[in-house]
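Student: I would like to go through this model by question and answer. Please begin with the terms.

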Amino acid sequence: VSRHHTLWSLGMLGLGTAVATPFAAEIVMFTMPVAFAFIGGEHQDYRYRRGIGGELTPEVDRATSNVPFVALLRGKQSFEKLSDELKWVNAGVGLTIALGLATRRFVRRSPDYSLVRK
């Protein structure tokens with residue numbers, strides 16, 4: 001999905017946190033990991049292409065992308081292979097936890113405080 005999954009997972013975590021906050025300063029702070037993931041991933045690719053610190057072959061460079069899902073959308077990779085490699089149980093557990101936390105946040109902030117347990 002991405003050559004730099006670690007950078008992008010941190011970036012997406014920050015982006016999700018930025019969406020949930022009402023403060024402009026926190027939005028700026030939490031969106032910076034996305035900028036770092038993009039710039040850091042491009043810098044790492046640049047170094048790997050030159051043979052400094054790693055290797056990025058032209059075949060892998062053409063078939064993959066720095067930004068998540070771009071190679072899939074451009075047709076360089078297959079959604080069928082992604083579906084075969086995806087761990088559906090892990091995705092389901094993660095989605096369930098995320099929805100539970102989002103629901104909890106919504107219920108706690110609702111104007112009808114009868115829903116809030118004390």
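Tutor: Buried means under 20% relative accessible area, exposed means over 50%, and partly exposed lies in between (1.4 Å probe, protein chains only). This is a predicted model, where local features need pLDDT of at least 70 and side-chain atom pairs count only at pLDDT 80 or more, while totals for chains, interfaces and linings use all residues. Residues are numbered from 1 along each chain as its sequence is written, and side-chain values use heavy atoms, with hydrogens and water left out.

Student: Is Leu-73 buried or exposed?

Tutor: Leu-73 lies in helix H4, residues 70-73. Helices (H or I, at least four residues) and strands (E, at least two) are DSSP runs, numbered from the N terminus. The relative accessible area of Leu-73 is 68%, so Leu-73 is exposed.

Student: Which residues form a nonpolar patch on the surface?

Tutor: Like charges are joined within 9 Å, and nonpolar side chains (Val, Leu, Ile, Met, Phe, Trp, Tyr) within 5 Å. Together the patch has about 420 Å² of accessible area, by the Shrake-Rupley method with a 1.4 Å probe, where for residues only the protein chains shown count as cover. Its members are Val-1, Phe-69, Leu-73 and Phe-79.

Student: What is phi of Phe-69?

Tutor: Phe-69 is found in the loop between H3 and H4, and is partly exposed at a relative accessible area of 43%. Most residues other than glycine have a negative phi. Phe-69 has a positive value, near 70 degrees.

Student: Which side chain makes a polar contact with the side chain of Thr-64?

Tutor: A polar contact is a pair of N or O atoms within 3.5 Å; within protein, one must be able to donate a hydrogen and the other to accept it, and residues adjacent in sequence count only if both atoms are side-chain atoms. The side chain of Thr-64 also reaches the backbone oxygen of Val-60 at 2.6 Å. The side-chain partner, at 2.8 Å, is Arg-3.

Student: How far apart in space are Thr-64 and Ser-2?

Tutor: Thr-64 lies in the loop between helix H3 (58-63) and H4. In sequence, Thr-64 and Ser-2 are 62 residues apart. From C-alpha to C-alpha, the distance is 6.6 Å.

Student: How many helices does the protein have?

Tutor: Along the sequence the pattern reads α-α-α-α-α-α. There are zero strands, and the helices come to six.

Methods. Patch = residues over 30% accessible without salt bridge, like charges linked within 9 Å, V, L, I, M, F, W, Y side chains within 5 Å. Salt bridge = Lys/Arg side-chain N within 4 Å of Asp/Glu carboxyl O.
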